[in-house]
Amino acid sequence: MSEKLVLHEGEMEVMEASQFADVSAVSHAVRFDNDLCTGCGLCAAFCPMEVIAMADGRPQAVAAEACWGCETCSGQCPVHAIRIEATAQEGDAPAEASASPMDEHTRSRYREWARVLRDVLGLRWHPVAITLVRAGDPLPDVPMPEERLRYCQALMAARRGRALMMPVNRHACPDGTSILGLAPIPAKLASGELYILFHKLDSVEAAQRMVAERPSLPPRSVRATVTCPLDEPRCEAEVVAVIGTPEQMMWLSMATSYYTGHRHDFHASGYNAQCVETTLIPLTSGEINISFGCYGCRASSDVDDTLMMMGIPVSLMDDVVKGLRELGKRAIPQSRDKVYLPPF
Ligand code: SF4
Ligand code: SF4
């Protein structure tokens with residue numbers, strides 16, 4: 001992707017509360033249990049879409065039509081007094097798939113990449129093929145989830161073999177959705193206010209810098225995200241994500257340098273792991289990137305504490321796989337068999 005498509009500091013389009021309903025497209029009922037609610041106000045403070053307001057010491061859904069079903073409110077409620085229910089409505093029908101089927105040559109190439117990655121590294125799960133369908137491009141024939149998911153949840157589902165396409169009305173994370181170019185960023189995220197509430201950064205200035213330094217795509221430039229197991233691809237991929245142990249990431253990193261000896265400048269932070277670090281940085285830089293995961297994906301998906309991620313641009317995959325094959329002949333099995341004396 002051209003560097004021009006990436007937004008930089010000061011270029012973000014911020015979504016005002018009045019626009020949320022236009023983007024949401026699936027309505028939700030926000031229900032409060034008044035017997036449990038203590039009136040603490042945390043749900044209103046944390047809702048990124050400004051759906052909830054306090055009135056007479058009680059929370060009210062003043063703009064339920066703008067709710068994205070992100071469950072941030074229910075996750076923050078100390079007494080579990082909130083229930084979010086998706087309610088289907090007109091406009092929620094699956095989008096028409098009209099992209100041409102993938103050609104067999106590309107499909108077998110991806111399968112061979114997946115085979116080498118799994119055999120040489122001993123990966124437990126599928127590598128994941130990632131595509132961002134651009135606005136105006138036809139949609140591939142890939143199933144959509146019935147309910148909204150976070151992008152990181154879709155990526156983790158793909159590593160277990162489930163292909164998913166998600167237009168904006170299937171995305172549950174306002175942060176990831178704006179980063180990936182499906183919608184503008186909500187004002188509460190752009191200002192850094194929410195990161196401070198979560199105690200994830202020291203000051204509004206630090207939060208704003210973190211937001212400004214991450215790449216994001218222009219709002220509405222992407223129509224849908226597609227995440228598939230690499231060995232069962234549905235459309236041409238742009239990035240391949242590998243989820244594995246630090247040792248597997250080490251060999252992948254070395255495979256990328258096998259013919260050149262180049263070291264890597266990884267860009268990782270612990271914020272926005274799957275959308276920024278695993279997807280957008282490889283996509284926009286054309287280089288591999290590593291991610292330690294983020295607190296969001298670790299809380300909302302089944303990625304365990306021992307795992308990390310790497311995003312590899314598809315343009316590098318032939319070389320990475322070639323280097324990995326070479327390392328798999330001697331270096332990897334020999335190193336894995338070596339027993340060193342304990343340090344003394
Ligand atoms: S689910 Fe998300 S958008 Fe909806 S009310 Fe709760 S925090 Fe707000
Ligand atoms: S966070 Fe829970 S307890 Fe606090 S106001 Fe909202 S519903 Fe009530």
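**Entry 1**

I started with Ala53, which counts as partly exposed because its relative accessibility is 27%. My cut-offs: buried is under 20% relative accessible area, exposed is over 50%, and partly exposed is in between, with a 1.4 Å probe and protein chains only. A note before going on: this is a predicted model, where local features need pLDDT of at least 70, side-chain atom pairs count only at pLDDT 80 or more, and totals for chains, interfaces and linings use all residues. Residues are numbered from 1 along each chain as its sequence is written, chains are lettered from A and ligands numbered from 1 in the order in which they are written, and side-chain values use heavy atoms, with hydrogens and water left out.

Ala53 sits in strand β3. I took helices (H or I, at least four residues) and strands (E, at least two) as DSSP runs, numbered from the N terminus. I also checked Ala53 against Gly41: they are 12 residues apart along the chain, and their C-alpha atoms are separated by 8.2 Å.

Which strand does β3 (residues 52-55) pair with? I found β4 (residues 58-61), running antiparallel to β3 and joined to it by 4 bridges. Two strands pair if DSSP finds at least two bridges between them. Ile52 stands opposite Ala61 of β4.

The hairpin has 2 residues between its strands. Asp56 is in that loop between β3 and β4, and has a positive phi of about 55° although it is not a glycine. I reminded myself that most residues other than glycine have a negative phi. Is Asp56 buried or exposed? It counts as exposed, because its relative accessibility is 83%.

**Entry 1: His199**

I came across another positive phi at His199, near 60°, and this residue is not a glycine either. His199 lies in the loop between α8 and α9 (204-213). Its relative accessibility is 70%, so His199 counts as exposed.

**Entry 2: the two ligands**

Next I looked around ligand 1. It has 13 residues around it, and the closest are Cys47, Cys67, Cys70, Glu71 and Cys73. A residue is near a molecule if one of its heavy atoms lies within 4 Å of it. I sorted this shell into 10 nonpolar, 2 polar and 1 charged residues. For the classes, Ala, Val, Leu, Ile, Met, Phe, Trp, Tyr, Cys and Pro count as nonpolar, Asp, Glu, Lys and Arg as charged, and the others, Gly among them, as polar.

Which residues come nearest to ligand 2? I got Cys37, Cys40, Gly41, Cys43 and Cys77, out of 13 around it. That shell has 10 nonpolar residues, 3 polar ones and no charged ones.

**Entry 3: the largest pocket**

I looked up the largest pocket and noted about 820 Å³ of space in it. Of its 38 lining residues, Cys70, Thr72, Arg150, Cys173 and Gly296 are closest to its centre. Terms: on a 1 Å grid over the protein atoms alone, a pocket is an open set of points where a 1.4 Å probe fits, with protein on both sides within 12 Å along at least five of seven lines, and lining residues have an atom within 4 Å of a point. Points are joined across faces, edges and corners, and the volume is the space filled by probe spheres set on them.

Which element gives the most to the lining? That is α12, with 5 residues. By class, the lining has 20 nonpolar, 12 polar and 6 charged residues. Domain 1 (27-87) and domain 2 (104-328) each supply at least three residues; these bounds come from an automatic or database domain assignment.

I checked α5 and found 8 of its 9 residues buried, so it is largely enclosed by the rest of the structure. Among the buried ones are Tyr151, Cys152 and Arg159. Gly161 follows α5 and has a positive phi, near 105°.

Strand β7 (residues 164-167) is covered on both faces: Leu164 and Met166 are buried on one side, Met165 and Pro167 on the other. β7 runs antiparallel to β9 (residues 222-229), with 4 bridges joining them. I noted Thr225 in β9 as the bridge partner of Met166.

Tyr110 is in helix α4 (residues 104-121), and counts as buried because its relative accessible area is 2%. Tyr110 and Met317 are 207 residues apart along the chain, with C-alpha atoms separated by 9.1 Å.

Gly328 is in helix α13 (residues 314-329). Gly328 and Val120 are 208 residues apart along the chain, yet their C-alpha atoms are separated by 5.5 Å.
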